[in-house]
Amino acid sequence: MVIVDAHSDYALHVYREHLKGSKNVLKEQHLPFLRKGGVNIEVLTVGGDFELFPEFDSQDYNTILKVIDSIKNEISENPDLFYLIKNSKDFENIQKNNRIGYIMALEGSNSIGRNLSLLHNYYNLGVRSIALTHNKKNLLADGCAVKSAKGLTDLGKDYVRELNNLNVNIDLSHISEPSFWDVLDITDKPLVATHSNAKSLCNHPRNLTDDQIRAIAERNGVIGINFFSIFIDNEGRNATVDRLIDHIDHIVEIVGIDHVGLGPDFLNYYIKDLRSLDEQLDDPFGDTLDIGAIFEVIKDVTEFPNLFESIQKRGYSDKEVGKIQGENFVRVYKEILK
Ligand SMILES: [Zn+2]
């Protein structure tokens, strides 16, 4: 059994803790949760186009380099607990070595600017999953919150070709629909949306249409289910674990069991920090973001075992639950990373 959490942002938490002088943040503050959840592999955002905290300037590659440094230091200081996944062979003996494998990811490529050599530098440092945008626009593409969004820019097209050459995973969560289809025209690799749900069950710009879900599946790709209540149901109060599993059911129904996984997007490790920010967080989709309400459904990774039990109760076999828990993501990442 392999458990993959295909989207988490706590590298930023680790970095912020380092700024305060803390040490062993992965080991002491995150590992106990991951162990309880049984997680083997984490796709970990080391930076991107969002600006949750004043010390993160998405335009500034220096910040991203510092976050990468924070994570790599903790990993190399604890080789018995953690390792970095850079190539297909790094997926061997996942359970046997009982360590947490990290895939470093970029959630939006603002910091690249027009300088594609930066992409090579990120790659050389070990980044293996990259989203072109977060919710807004950048020089490469339009994010899903852009009204009358357009497709890729010429620079964006070159960028996708380069990601393709480097065998980096292209993460399609957050990108606008016209840009999504442009990416598919350029690359023939398997494609991934690490943390998005089904739009036909919850009509939100962050979710995927059935056509998008089919297109990802046709490429032998995978979609990670996001646990944010606002992406589970348009009526917050109807966002339950059951409704979350409805999204899994829906994807399985239209494209089969091989194309769904988990991309929870837990933020439990800094809800307090987010709440303490002076200004209300800016929701690019037009509402006021209620951070607390977003996480009512499943609070953190320790609840994974309960979720798996609920999925099983829906009638999925052990083998099928295994695919949802992580085997689908492992299959696809192995094929993309080479
Ligand atoms: Zn995201």
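Mentor: Gladly, and keep in mind that this is a predicted model. Let's begin with a loop: the one between strand 6 (169-171) and helix 6 (177-186) holds His-174. The phi of His-174 is near 85°, a positive value in a residue other than glycine.

Trainee: Why is His-174 called buried?

Mentor: A residue is buried if 20 or more other C-beta atoms lie within 10 Å of its own. His-174 has 28 of them, so it is buried.

Trainee: And what makes Asp-265 count as buried?

Mentor: The cut-off is again 20 or more. Asp-265 has 23 C-beta neighbours inside 10 Å, so Asp-265 counts as buried. Asp-265 also has a positive phi, about 70°, although it is not a glycine. Its place is the loop between strand 9 (260-262) and helix 10 (271-276).

Trainee: Which residues of helix 12 and helix 13 meet?

Mentor: Phe-308, Ile-311 and Gln-312 in helix 12 meet Val-321, Ile-324 and Gln-325 in helix 13. This contact has 4 nonpolar residues, 2 polar and no charged.

Trainee: Which residues have the most contacts inside the largest nonpolar core?

Mentor: Leu-44, Val-46 and Ile-71, in a core of 91 residues. Helix 13 gives the most to this core, with 7 residues.

Note on methods: Residues are numbered from 1 along each chain as its sequence is written. This is a predicted model: local features need pLDDT of at least 70, side-chain atom pairs count only at pLDDT 80 or more; totals for chains, interfaces and linings use all residues. Two residues are in contact if their C-beta atoms, placed from the backbone, lie within 7 Å. Helices (H or I, at least four residues) and strands (E, at least two) are DSSP runs, numbered from the N terminus. Ala, Val, Leu, Ile, Met, Phe, Trp, Tyr, Cys and Pro count as nonpolar, Asp, Glu, Lys and Arg as charged, and the others, Gly among them, as polar. A nonpolar core is a set of buried Ala, Val, Leu, Ile, Met, Phe, Trp, Tyr and Cys residues joined through C-beta atoms within 7 Å. A residue is buried if 20 or more other C-beta atoms lie within 10 Å of its own, exposed if 12 or fewer, and partly exposed in between; C-beta atoms are placed from the backbone.
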